[in-house]
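I opened the model to look up its charged pairs, its strand pairing and its core. My entries follow in that order.

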Amino acid sequence: MKDSLQLEVHDLEVQVLTGVYSEETHLPQPLRLSITVDLDCPERFAPDTPLSASKSYLDLKQAASTSLPPGVHFTLIEGVADHIAGTLFVQDARVSRVQVKIVKLAIAEAGEAIGITLTRHRR
């Protein structure tokens, strides 16, 4: 079995054009995103191991925020998750799996977390 490293960014809030219903389609909605990436890793991380042996957490944050195309409306939040996963696979060949959890904050009535989790594996 191969070793892997999981990088995580949790509870990042972003505004995204998404939704099916007419009241959702004209303004961005707040989404809470959590991303976990499995990354192939070296056999050992020594004290002086450079960042290039891992991946910057900022890459995950960027994939969930600034890499989303401005002005594009995602009908489903599944499309948002798929775009984020695809971005991370393109950025780094060592990424073997991406999991994106999205919670739609605008539809919560009593603090519940309503959303999806998408897991993609490199093919």
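I count a salt bridge when a side-chain nitrogen of Lys or Arg lies within 4 Å of a carboxyl oxygen of Asp or Glu. With that cut-off, I searched the whole structure and found six salt bridges.

Ground rules first. This is a predicted model, in which local features need pLDDT of at least 70, side-chain atom pairs count only at pLDDT 80 or more, and totals for chains, interfaces and linings use all residues. Residues are numbered from 1 along each chain as its sequence is written, and side-chain values use heavy atoms, with hydrogens and water left out.

**Confidence.** I checked pLDDT, the predictor's confidence in each residue, from 0 to 100. The protein averages 91, and 98% of the residues score at least 70. By element, the mean is lowest in α1, at 90, and highest in β4, at 97. I take helices (H or I, at least four residues) and strands (E, at least two) as DSSP runs, numbered from the N terminus.

**Salt bridges.** I looked at Arg32 and Glu13, whose closest N and O atoms are 3.5 Å apart. This pair links distant parts of the chain, with Arg32 in strand β2 and Glu13 in strand β1, 19 residues apart. For accessibility I use relative accessible area: buried is under 20%, exposed over 50%, partly exposed in between (1.4 Å probe, protein chains only). Arg32 is partly exposed at 28%.

Next, I found Asp92 bridged to Arg94, with the closest N and O atoms 2.7 Å apart. Salt bridges that share partners join Lys55, Asp59, Asp92 and Arg94 into one network. Asp59 and Lys55 meet at 3.2 Å, N to O. Lys55 is buried at 4%, and Asp92 is buried at 10%. Asp59 is partly exposed at 26%, as is Arg94 at 25%.

**Strand β3.** Which strands pair with β3? Strand β2 (residues 29-40) pairs with β3 in the antiparallel sense over nine bridges. Strand β4 (residues 115-121) also runs antiparallel to β3, joined by seven bridges. Seven of the ten residues of β3 (residues 95-104) are buried, so the strand is largely enclosed by the rest of the structure.

**Core.** I define a nonpolar core as buried Ala, Val, Leu, Ile, Met, Phe, Trp, Tyr and Cys residues joined through side-chain atoms within 4.5 Å. The largest has 28 residues, and those with the most contacts inside it are Ile35, Ile84, Leu88, Val98 and Ile102. Helix α2 gives the most to this core, with seven residues.

Technical notes: Pairing = 2+ DSSP bridges.
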